[in-house]
Amino acid sequence: LVDRSQADLGQVLIAGNVAHNDGGGVFGDINSTVTITNGAILANEADDWGGGIYSSGHSMVLTNVDVSNNDAGSYGDGVFATVVPEFFHCNAWGNGDNYHFYGGGVPDPTGTDGNIEAPSGYLDTLHADPLLWDLHLDLASQLVDGGAISLVDPDSSPSDIGIYGGLDAGTWDLDWDGD
């Protein structure tokens, strides 16, 4: 994203990207606004800052987003931000050792506003190509019903964290049997 741009993303997968500077998955510049609802930012890399997300001087709101298994060469493996983002019912897990999730003075939101730190529990992430991963949640995953209660799943339960949660979750029925 560049100066004065806006992105409102939902049911989005940002995975397997590499940046030779900052922001392996998402790079936000000054005066931009990013809102992500029901997303997964997984296995991205940056040579410098923000393996999953690099946010410099812009507004960011993440709701029901899993930020896991990202890596930065310098700082903020999951998220590096100069302006504190808002996190609601998000998950962080398995990000690298460089301030494993948050960098740039971002306080760790784990334990507040429904934010957790738990294994994602996806059905299959073994393939080298992220487009071939099965990011449906195992029923034992802590991300099931872990999302914002204002964003219910089609079965009226609290939404799941990740790309298959929220009101549009019903469109992800792989075998079209209604379950």
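Modeller: Let us begin with one term: a residue counts as buried when its relative accessible area is under 20%, as exposed when that area is over 50%, and as partly exposed in between. Keep in mind, too, that the model we are reading is predicted.

Colleague: Thanks! How many residues of strand 7 are buried?

Modeller: Nine of its 10 residues are, so strand 7 is largely enclosed by the rest of the structure. Strand 4 can be read in the same way: seven of its 10 residues are buried, so strand 4 is also largely enclosed.

Colleague: Now the pairing, please. What holds the strands of a sheet together?

Modeller: Strands of a sheet pair through backbone hydrogen bonds, and the pairing may be parallel or antiparallel. In this model, strand 4 pairs with strand 7 in the parallel sense, over nine bridges. You can find individual partners by residue: Gly 39 is bridged to Val 65 of strand 7, and Thr 33 is bridged to Ser 59 of strand 7.

Colleague: Which sense of pairing do strand 1 and strand 4 have, parallel or antiparallel?

Modeller: Parallel, with nine bridges between strand 1 and strand 4. One place to look is Ala 7, whose bridge partner in strand 4 is Val 34.

Colleague: And how many bridges link strand 7 to strand 10?

Modeller: Three, and the sense is parallel. There, Val 61 stands opposite Glu 86 of strand 10. Strand 11, residues 91-93, also pairs with strand 7 in the parallel sense over three bridges, and Ser 68 faces Trp 93 in strand 11.

Colleague: What is the order of the strands in the open sheet of three strands?

Modeller: The order is 2-5-8, and the pairing is parallel. Strand 5, residues 45-46, is joined to strand 8 by two bridges. Glu 45 stands opposite Asp 71 of strand 8.

Colleague: Let us turn to the nonpolar cores. Which residues of the largest one touch the most other members?

Modeller: The largest core here has 16 residues, and Ile 36, Ile 41, Ile 53, Leu 62 and Val 65 touch the most other members. Strand 1 (6-15), strand 4 (33-42), strand 7 (59-68) and strand 9 (79-81) each supply at least two residues. Strand 7 gives the largest share of this core, with four residues.

Colleague: Which residues does Ile 36 contact, leaving aside neighbours within four places in sequence?

Modeller: Its contacts are Leu 9, Val 12, Ile 41, Val 61, Leu 62, Thr 63 and Val 65. There is also a second, separate core of 11 residues, with Leu 42, Leu 135, Leu 137 and Ile 161 among them.

Colleague: How do I read aromatic pairs, and how many are there?

Modeller: The count is four aromatic pairs. To name the arrangement, look at the angle between the ring planes: under 30 degrees is stacked, over 60 is edge-to-face, and the rest are tilted. The ring centres of Phe 27 and Tyr 54 are 5.0 Å apart and their planes are at 10°, so this pair is stacked. Phe 27 lies in strand 3 and Tyr 54 in strand 6, 27 residues apart, and their pair links distant parts of the chain.

Colleague: Is Phe 27 buried, exposed or partly exposed?

Modeller: Partly exposed, because its relative accessibility is 33%. Tyr 54, at 9%, is buried.

Colleague: What arrangement do Trp 49 and Phe 80 have?

Modeller: Their pair is tilted, at 4.6 Å centre to centre with 40° between the planes. Trp 49 sits in the loop between strand 5 and strand 6 and Phe 80 in strand 9, so the pair ties together parts 31 residues apart in sequence. Trp 49 is partly exposed at 36%, whereas Phe 80 is buried at 5%. Ring pairs link Phe 27, Trp 49, Tyr 54, Tyr 75 and Phe 80 into a cluster.

Methods:
Residues numbered from 1 in each chain as written. Predicted model: local features only at pLDDT ≥ 70, side-chain atom pairs only at ≥ 80, totals over all residues. Heavy atoms only, no water. Core = buried A, V, L, I, M, F, W, Y, C linked by side-chain atoms within 4.5 Å. Buried < 20%, exposed > 50% of the residue type's maximum accessible area, 1.4 Å probe, protein only. Contact = heavy atoms within 4.5 Å. Pairing = 2+ DSSP bridges. Phe/Tyr/Trp six-rings, centres within 6.5 Å; stacked < 30°, edge-to-face > 60°.
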